[in-house]
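I opened the model today to look at one helix and at some charged pairs. My notes follow.

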Amino acid sequence: GDGLLFDELRRFGEPWGVEPDGRLVDPEGKWAPRIKIAEFGFEGDDDRRHDLVLMLDSLEHIKDDAAAVRRAASRLKPGGFFFLTVPALPSLWSVHDEANLHFRRYTRESLRRVLENAGLRVESIGYYFGWTVLPMYARKLIGGGRTPSAAADDYHILPPPRPLNAFLLAATIIEQTLCGRSGTWIGSSLFALARQPEAA
C-alpha cells in the first residue's frame with residue numbers, strides 16, 4: 001500500500017516496501033521514495049537485506065506462494081525474521097475470497113510447510129479471529145445457494161456501523177488478551193513468525 005504502517009515501523013528501523021499496484025501509492029506521499037512499484041519477487045537489482053520482512057494478508061494474492069516465500073527468505077539477513085498473516089481454513093472459502101483475488105486459504109500445516117520448504121525455521125504459528133469462524137460458516141449456509149464465482153462480480157461490502165464496529169473491535173481485543181501470542185485453537189486468519197537460520 002501507501003506506507004500505512006511506516007510511521008510505526010520507523011521506530012524500529014528503516015522501512016522499505018513493495019507494492020504491485022501503483023495506483024495505491026501517492027507519488028507525492030511521504031513514503032513514496034521507499035516503496036518500489038513491482039510484483040513481489042521482481043524488484044530488479046535491489047539486493048538490500050533486512051532484519052524483518054512483513055507480509056500482512058498478502059501471500060494469498062500471489063499465485064506461486066512457494067516462490068514468494070523463498071524470495072522473502074532471500075531478503076533476510078542471517079537470523080532475520082519473517083512475519084506474515086493469511087486467511088485461514090479452506091472450508092471458509094467464499095465470494096469474499098474470489099472478489100478479493102485470493103488464490104487460497106491456509107491451514108496451520110499448509111502454512112508451516114511453505115515456510116519450512118523455503119528454509120525458514122518456524123518460531124510460532126497460530127490462528128486468530130477465532131470468534132469469527134461460526135458467523136462466517138453461518139454466512140455460507142444462508143448465502144442463497146450461489147456459488148462464489150457466480151456472486152463475485154456483484155460483491156460489495158460496506159464498513160459496519162460505528163457501534164457494531166466498536167463491538168467487533170472489543171471482541172478482537174478480548175480474544176487477543178486471553179490468548180496472547182499462542183493464538184486460538186481455530187480462527188479465520190493465521191499468523192506465523194519464522195526466522196532465517198544464522199549463517200554457519
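I call a residue buried under 20% relative accessible area, exposed over 50%, and partly exposed in between (1.4 Å probe, protein chains only). Helices (H or I, at least four residues) and strands (E, at least two) are DSSP runs, numbered from the N terminus. This is a predicted model: local features need pLDDT of at least 70, side-chain atom pairs count only at pLDDT 80 or more, and totals for chains, interfaces and linings use all residues. Residues are numbered from 1 along each chain as its sequence is written, and side-chain values use heavy atoms, with hydrogens and water left out.

Entry one: helix α4.

I looked up which residues of α4 (residues 108-117) are buried. They are Ser110, Leu111, Val114 and Leu115. Down the axis of α4, these buried residues fall within an arc of 135°, so they line one face of the helix. The arc is taken over the directions from the helix axis to the C-beta atoms. Glu109 and Asn117 sit on the other side of α4 and are exposed.

What do the buried residues of α4 pack against? I found α2 (65-74), β4 (76-87), β5 (121-128) and β6 (189-195). Contact here means heavy atoms within 4.5 Å. After α4 comes Gly119, with a positive phi near 85°.

I then checked a charged pair on α4. Arg112 and Glu116 form a salt bridge through their side chains (3.8 Å, N to O). I count a salt bridge when a side-chain nitrogen of Lys or Arg is within 4 Å of a carboxyl oxygen of Asp or Glu. The two residues are 4 apart in α4, about one helical turn. Arg112 is partly exposed at 31% relative accessibility. Glu116 is partly exposed too, at 41%.

How many salt bridges does the structure hold? I get 11.

Lys30 and Asp7 make one of them, at 2.7 Å, N to O. This pair links distant parts of the chain, 23 residues apart: Lys30 is in the loop between β1 (17-19) and β2 (35-37), and Asp7 is in helix α1 (residues 6-9). Lys30 is exposed at 60% relative accessibility. Asp7 is partly exposed at 45%.

Asp51 and Lys77 also meet in a salt bridge, at 3.6 Å, N to O. Asp51 lies in strand β3 (residues 50-56) and Lys77 in strand β4, so the pair ties together parts 26 residues apart in sequence. Asp51 is exposed at 52%. Lys77 is partly exposed at 34%.
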